Amino acid sequence: MERATIRLIALVIVYIFYLSVGAAIFSSIEGPYEQRILSDLRKKRDDFLLKHPCVTDKELENFVKHVVAAQDMGIQPLSNASDKRSWGFGSSFFFAGTVVTTIGYGNIAPLSDGGKVFCMVFAVFGIPMTAIMLTAIVERLLQLTDVLEKFLCSTCTVRGIPPAYLRFVHLSLIMCGAIILVMIIPAIFFMFLEDWSYFEALYFCFISLTTIGLGDFVPGDDPKWRRSEYRPLYKVCCVFFFVTGLTFLLLILELCAKVPDDHPGMLFSCHKPFLREDERRFQRLNCARDIPCQVEEAAHHHRRKMKGHQETLMKEYPPETMMPIDNVGE
């Protein structure tokens, strides 16, 4: 069995252990909080039944079931928000955007069978179309990032820094810039627009742009936005924010693919790492720079060798034993 396969098996074991540890931590953190909410809910329910003896426990249970079902389908049962449609153009555009970007908050879902069928058909064509569009945009952005990479190569390669380190620096700069543009700064806007804390807004940006889409924070669903005439426009702008953020996310992934073959993923690959063309070019460049030093070293070695031969000849044939040239013919 190859080493890479053994490492892959070990990675699967570590992965399962990682999930188990995460589940244990989530359970320990969220379990007590859930119990407090359930206890408070039971207390409020008992208080309601005491104040309204004409309402039976079963009737209240049935009413709550209808309210929860409506909430799950994206219908707001509150009196100050129920008069606003959840399937207007803005909300529908937002839903379509979350489908094709695979974010899928789950705050609203198709109610009818026809809507469910159309959602599947819409996703089949919309998701590949989104991927093609984002790939084409990323290709244009890569041309801009190449300018920075060429600048780093032209200034740092002369000093003997390997291209592998330059790629890492280049990736780090692009990643920091993308995080600032699509997470740090937008979180400030969402903080004021949604009355969230900055941490909640930053959490929303991260969960959305990583396409996790838990649905616990959804823009435009606050009662103040449901009463606003700008809610459809706000929903549409959120979709363009998602597309922009996913574009930068794909850009970072594309740049990660340009990292040299000794990155951690190659430890589990069944393919042998190969030397990239620019790595070989860098080695040839270093060899070309070392040629004068090698020539000088070879000349010095040759001089030392000739001097050694000369000293040997002097020992074997001392000058006083040599016949003068003028007496050769006598």
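What share of the 330 residues in the protein is buried? Buried residues make up 25% of them, where buried means under 20% relative accessible area, exposed over 50%, and partly exposed in between, using a 1.4 Å probe and protein chains only. This is a predicted model, in which local features need pLDDT of at least 70, side-chain atom pairs count only at pLDDT 80 or more, and totals for chains, interfaces and linings use all residues. Residues are numbered from 1 along each chain as its sequence is written, and side-chain values use heavy atoms, with hydrogens and water left out.

**The overall fold**

- The protein has nine helices and zero strands; helices (H or I, at least four residues) and strands (E, at least two) are DSSP runs, numbered from the N terminus.
- Reading along the sequence gives the pattern α-α-α-α-α-α-α-α-α.
- Take the contacts between residues at least 6 apart in sequence: 61% of these join residues at least 24 apart, with contact meaning heavy atoms within 4.5 Å.

**Helix H1**

- Helix H1 covers residues 3-51, and its 49 residues should span 72 Å, because the expected span is 1.5 Å times one less than the number of residues.
- The end C-alpha atoms of H1 are 70 Å apart, which agrees with that expectation.
- H1 bends by about 30° at glutamate 30, the bend being the angle between axes fitted to the seven residues ending there and the seven starting there.
- A proline, proline 32, follows within four residues of that bend.

**The largest pocket**

- Rolling a probe the size of a water molecule over the atoms shows where empty space is left.
- On a 1 Å grid over the protein atoms alone, a pocket is an open set of points with protein on both sides within 12 Å along at least five of seven lines, while a cavity is a set of points where a 1.4 Å probe fits but cannot get out; lining residues have an atom within 4 Å of a point.
- The largest pocket has a volume of about 360 Å³, a volume being the space filled by probe spheres set on the points, which are joined across faces, edges and corners.
- Its lining has 13 residues, and Leu41, Arg45, Leu60, Glu61 and Val64 lie nearest the centre.
- H1 and helix H2 (57-72) each supply at least two lining residues, and H2 gives the largest share, seven.
- By type, the lining of the largest pocket has eight nonpolar, no polar and five charged residues; Ala, Val, Leu, Ile, Met, Phe, Trp, Tyr, Cys and Pro count as nonpolar, Asp, Glu, Lys and Arg as charged, and the others, Gly among them, as polar.

**Enclosed cavities**

- There are two cavities of 30 Å³ or more.
- The largest cavity has a volume of about 70 Å³.
- It is lined by 11 residues, of which Asn107, Ile108, Asp221, Arg226 and Arg231 are the closest to its centre.
- Helix H3 (89-100) and helix H8 (231-256) are the elements that give two or more residues to this lining.
- The lining of the largest cavity divides into two nonpolar, five polar and four charged residues.
- The second largest cavity holds about 50 Å³ of space, and Glu149, Arg167, His170, Leu171, Leu255 and Lys258 line it.

**A look at leucine 142**

- Leucine 142 sits in helix H4 (residues 113-156) and counts as buried because its relative accessibility is 14%.
- Leaving aside neighbours within four places in sequence, leucine 142 is in contact with Leu251, Glu254 and Leu255.
- Leucine 142 and glutamate 254 are 112 residues apart in sequence, and 8.5 Å apart in space from C-alpha to C-alpha.
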